Amino acid sequence: MSSYVAVLGAFFAVAATAGDVFTTLDADMNGAISKDEAAAMPSLAEQWKQLDTDASGDLSAEEFAVYAKTALLRFDE
């Protein structure tokens with residue numbers, strides 16, 4: 001049970017941090033991350049095509065959340 005609580009706590013901490021990262025990357029504060037803004041985080045820019053699922057040219061908060069979740073999984077391995 002304690003490991004479950006620890007994992008759950010880590011998940012919420014990452015979620016808060018992911019929101020902060022999204023806000024920081026969204027330099028023009030339009031609620032999305034452009035490809036130019038994503039260039040500040042090379043690992044994000046490398047996955048652009050897979051993450052921009054609606055092919056809008058920007059990442060929404062929801063699309064960025066997928067990246068944040070996969071980044072957490074890679075960190076955990």
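User: Are phenylalanine 64 and tyrosine 67 buried or exposed?

Analyst: This is a predicted model, in which local features need pLDDT of at least 70, side-chain atom pairs count only at pLDDT 80 or more, and totals for chains, interfaces and linings use all residues. Residues are numbered from 1 along each chain as its sequence is written, and side-chain values use heavy atoms, with hydrogens and water left out. Buried means under 20% relative accessible area, exposed over 50% and partly exposed in between (1.4 Å probe, protein chains only). By that cut-off, phenylalanine 64 and tyrosine 67 are both buried.

User: Why is the ring pair of phenylalanine 64 and tyrosine 67 classed as it is?

Analyst: Rings of Phe, Tyr and Trp (its six-membered ring) pair if their centres lie within 6.5 Å; planes under 30 degrees apart count as stacked, over 60 as edge-to-face and the rest as tilted. The centres of phenylalanine 64 and tyrosine 67 are 5.6 Å apart and their planes are at 45°, so the pair is tilted.

User: Which residues do ring pairs link into a cluster?

Analyst: The whole structure holds two aromatic pairs. The cluster that ring pairs form consists of Phe22, Phe64 and Tyr67.

User: What is the phi of methionine 29?

Analyst: Most residues other than glycine have a negative phi. Methionine 29 is exposed, with a relative accessible area of 71%. Although methionine 29 is not a glycine, its phi is positive, at about 55°.

User: What is the relative accessible area of alanine 55?

Analyst: Alanine 55 also has a positive phi of about 55° without being a glycine. Alanine 55 is exposed, and its relative accessible area is 66%.
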